[in-house]
Amino acid sequence: MPKRKKTQPVELYDHTLERNRATASTVEIDVANRRIKLNKRVLKPKVDSLPPDSPASTYPSPEAETQQITEDDVGVVVFATSRAKRYANSDSPLLTWLQYWSSYLRELLRRKGRGTVEDSSCCPMCHRTRAVMRCRECFGGTLLCGCCCVENHRQHPLHRIEEWTGDFFKKTSLRKLGLVMHLGAHNTQLPVAVNFCGCRHNLAGYQQLLRASWYPATPLNPETCVTIELLELFHLLNLQGNTTIYDFVKVMEMTTDGWLLERIPDRQQSFTTVVQEWRHLCMLMRAGQGHEPDDIPTTKPGKLAVQCRACPHPGYNLPDNFRDIPKGHSYLYWQTVAVDCNFRLKNRYRHSNNLDVTLSHGWAYFVEQKGYLEYVKRHANQQEMSTCAGFQAMLQANLKKAKGLNAMGVVGVACSRHELWRPNGMEDLQRGERQCNVDYVLVAALLGVTLRLLITYDIACQYFKLFWTRMLGLPAGMRLAIPSIKQVVTKVPKGHLRAHEDACQGPFLLNYTNGATETDGEGIERLWSWLNKAAHSAKEMMQASRTNCWDNFAVIQTGGRHLGCAIFLPVACSTLSSWRKHSVRNFKRSTLVSENMHRKKLTAGKPCLKIGRTTTRNRA
């Protein structure tokens, strides 16, 4: 039986060119023109050897390099290589997404409502009754009637159902709709393929995915999506449980294949991009942005931050004649703020070819980067005099271990009475606790405030000595609207005053300040404790991503404290009422006892007449 002739396999590399392959040599020559070392390198063959109908020849490979070979008279071969081709959308996906963010925001707002469904619309399944039920977990979130909703959820009894009341969606349950589960039924799952609608008047692919509650990783030909339900779950786990993106992706991979029997595509980079976009869109929706066509680019500084509702705001929660109130009660309308620096929120310098895109240009808690950095560069070398020896060692310690760091910490400004962050009241510290960094952030957080100020700062004894002189060097739009310098009271928090010299104890003590009430000035330290739990993961982020992360953490922290007031204030008011009754009763009792003792002393004394004078002898 004749042997079968072997066929040459078709490969990308042509072995017939093995004899004609090119080599490049590099010769090292010393001072005496003697050859020391000869290096030879075999050049890779060009991609032209591919067949003309090959798929790889249609699209240029990003790793492919073009080589140019020349030879001089000495015989040394010199070769030059060109850099690989780069793609803008791959290097900086956020920069591409910025062109579509308004459309993304409108689609998410549309998802919160009923979309295009009208009040008189019938159920798309039975065409009999009104469609008022919506499932939060089913694909598409289509509105159905109650009966059809029950029939569709016999295999999914734990889904969350909402009912349209005419003004909003309220929570309900399948049990209230009449669903009864019979144990023993079998579930079946079928694979699903996605085809976009290609009608001439239809939406883009990414818009169709958003309306189906799937968030695309890119608006340009999306192939990877994340369900919005999964994004909401990770958002809560990240904020409360400090779950990182790496850990969450690993959990999803283990859920898919815990034995690692098959190769799972790495989606961490795509998921990171989606999380950054989702955080920013959530802040925009929470601030009421996106309802107008062009209101996103015109967002004002601090608009996305949550305002402290308990702080005094003229025209909102103050009487019209609050400036005419007696001096003894003027402390009710003081604006109290606390300034502090946190050196745990570091940021490591990260070199990357990808463009670092900032989504929030000073719209939340971090100030606008461009103006801030320009001001710091101009005043970074100014001399800072320390007049209090108690903080000399601490300031020197903050300057250590700065190598390889993009930011050594964060300076923050918060409301000291209600413990809430001020809008535009946070920014990075490049090197130590310099006064120019604190000046810019403090003035940015107090822009527009015309009330009397009570400011607490750890080093207030030395910081505010030349504060008004340094404020003249700020940009034209950065000026405090305080009518007089006398309306600014500066103190040191009670917990930090012990480290100061004896000369600082009396003048900067809050206990000796009229109108300070029970303020201790340490509320900002309690705010830092909640942010410190994410300091380790944020340290490895790029600068813009880290800024967006801290803005989101501060928004959730401030919003959570507002919601907690609904539980805390009634309990606090009842407790204070009982304390007041107890204090008034004790005061009246002690007053009555002291009056009785004084009356007894007066009646016990008898006059004694002596020659030349009259005396009173007390016989207590």
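In which sense, left-handed or right-handed, does α10 cross α12? The structure examined here is a predicted model, in which local features need pLDDT of at least 70 and side-chain atom pairs count only at pLDDT 80 or more, while totals for chains, interfaces and linings use all residues. Residues are numbered from 1 along each chain as its sequence is written, and side-chain values use heavy atoms, with hydrogens and water left out.

Confidence comes first. The protein chain has an average pLDDT (the predictor's confidence in each residue, from 0 to 100) of 79, and 77% of the residues score at least 70.

Now to the helices (DSSP runs of H or I, at least four residues; strands are runs of E, at least two; both are numbered from the N terminus). Helix α10 (residues 369-379) and helix α12 (residues 435-445) have axes that come within 9 Å and cross at roughly 145 degrees; axes are lines fitted to C-alpha atoms, for helices over the stretch in contact, and angles run from 0 to 180 degrees between N-to-C directions. The crossing of α10 and α12 is right-handed, a term for the near helix being turned clockwise from the far one by less than a right angle.

Three strands, in the order β5-β6-β7, make up an open sheet with antiparallel pairing; strands pair if DSSP finds at least two bridges between them. β5 (133-135) and β7 (169-172) each have a single partner strand and stand at the edges, so one side of each lacks a neighbour in the sheet. From one strand to the next, the twist averages 35 degrees. Strand β6 (residues 161-164) is joined to β7 by four bridges, and Glu-162 lies opposite Lys-171 in β7.
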